[in-house]
Amino acid sequence: MKRSLNRGESWMSIFKKVSTLAVLSLGLTTGASYAADAICYNCPPEWANWGGQLELIKKELGISIPMDNKNSGQSLSQLVAEENSPVADVVYYGVSFGIKAAEKGVVASYKPENWDKIPQGLKDPQGRWFAIHSGTIGFFVNKDALDGKPIPQSWNDLLKPEYNGMVAYLDPTSAFVGYAGAVAINQSFGGDMSNFTPAIDYFKKLAKNHPIVPKQTAYARVISGEIPILLDYDFNAYRAKYKDGANIQFVIPQEGSVVVPYVMSAVKNSPQPDNGHKVLDFVLSDKGQQVWAEAYLRPVIASAMTPDIEAKFLPASDYERAKTVDFAKMAEAQGDFSQRYLNEVR
């Protein structure tokens, strides 16, 4: 049935109503009176203090952005599915997904303010993705939930029968933190980006301990004690310890780990590109970078990290065990690893 326009109603107003329904259907957290001025995929309130960042963006820029609980893989899949009719304006994800998004042509070139302060290797030369902060993979441990068991100190410790049912990692075929954990394990046991057999063998052994494998951030489940040990980033563990007052310890495993950046992009042909660009400018501004530092992430602009915050991290000697990797090769290897994991582990 054709619909005629009511007096004063434009096609644009109808488009906005349809767009709102589309946003709601994607599971974005919106209230009845919450008009979105921009859409960010993968900006969950429990992760990396996105809740606080989006509140500050609303206060400073007057731009309302609904929370979004997708993970990196789901966000990229959504961008590809919506390529001919984009819904999002900006997207946040692990670096390998940013590289893949650029390859698939679903993100636009944009060089935000402070572009020149981003170190080389942490940004696409064309501006299709750029780092905003980084984290180190390790064990996010709720000491109260261990029931008296010792705090694990190594990847091999997690294989011990005493941790049966206590270990969790996010799905490495979908969530970037899960894949980053797989890379950390693989590197620690002698693998490289062309050989993920050490990681696959490790996950097979860990399967005997009945690990929990959620798809989205499991921060609240660790705080509650439902998950005693989560393979996760240092910033989530520090936030739980210093902000939420939980009895938490972060461990960088003795065999080694990895440091990886999270990046953002402007979505190609987005509905509200001007607002999207303002958001990207803000997260790299002094105020925006300070939000990340106060959430115990390492801001990409190092000057935002204060000595007081730095003092709450593990000693530098522990962080020496965490290395960077070739992020382009990490992105290239992701598909093959995911297929092997699905075929051999899940």
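Glutamate 344 is partly exposed, with a relative accessible area of 34%; partly exposed covers the range between buried (under 20% relative accessible area) and exposed (over 50%), using a 1.4 Å probe and protein chains only. The model is a predicted one, in which local features need pLDDT of at least 70 and side-chain atom pairs count only at pLDDT 80 or more, while totals for chains, interfaces and linings use all residues. Residues are numbered from 1 along each chain as its sequence is written, and side-chain values use heavy atoms, with hydrogens and water left out.

Glutamate 344 has a partner in lysine 204, with which it forms a salt bridge whose closest N and O atoms are 3.4 Å apart. This pair links distant parts of the chain, as glutamate 344 belongs to helix H13 (residues 327–344) and lysine 204 to helix H6 (residues 197–207), 140 residues apart. Lysine 204 is itself partly exposed, at 35% relative accessibility. A salt bridge here is a side-chain nitrogen of Lys or Arg within 4 Å of a carboxyl oxygen of Asp or Glu, and helices (H or I, at least four residues) and strands (E, at least two) are DSSP runs numbered from the N terminus. Side chains of opposite charge can pair when their charged atoms come close.

By this rule, the count of salt bridges comes to 11. One of them joins glutamate 60 to lysine 287, with 3.2 Å between the closest N and O atoms. Because glutamate 60 lies in helix H2 (residues 50–61) and lysine 287 in helix H10 (residues 286–294), this contact ties together parts that are 227 residues apart in sequence. Both ends are partly exposed: glutamate 60 has a relative accessible area of 34%, and lysine 287 reaches 46%. Arginine 221 and glutamate 226 also meet through their side chains, at 2.9 Å from N to O. Here arginine 221 is partly exposed at 29%, as is glutamate 226 at 46%.

Attention now turns to strand E6. Five of the five residues of this strand (residues 229–233) are buried, so E6 is largely enclosed by the rest of the structure. Strand E4 (residues 130–142) pairs with E6 in the antiparallel sense over five bridges; two strands pair if DSSP finds at least two bridges between them. Strand E5 (residues 167–169) runs parallel to E6, and three bridges join the two. Leucine 230 in E6 is the bridge partner of phenylalanine 140, and alanine 168 also stands opposite leucine 230.
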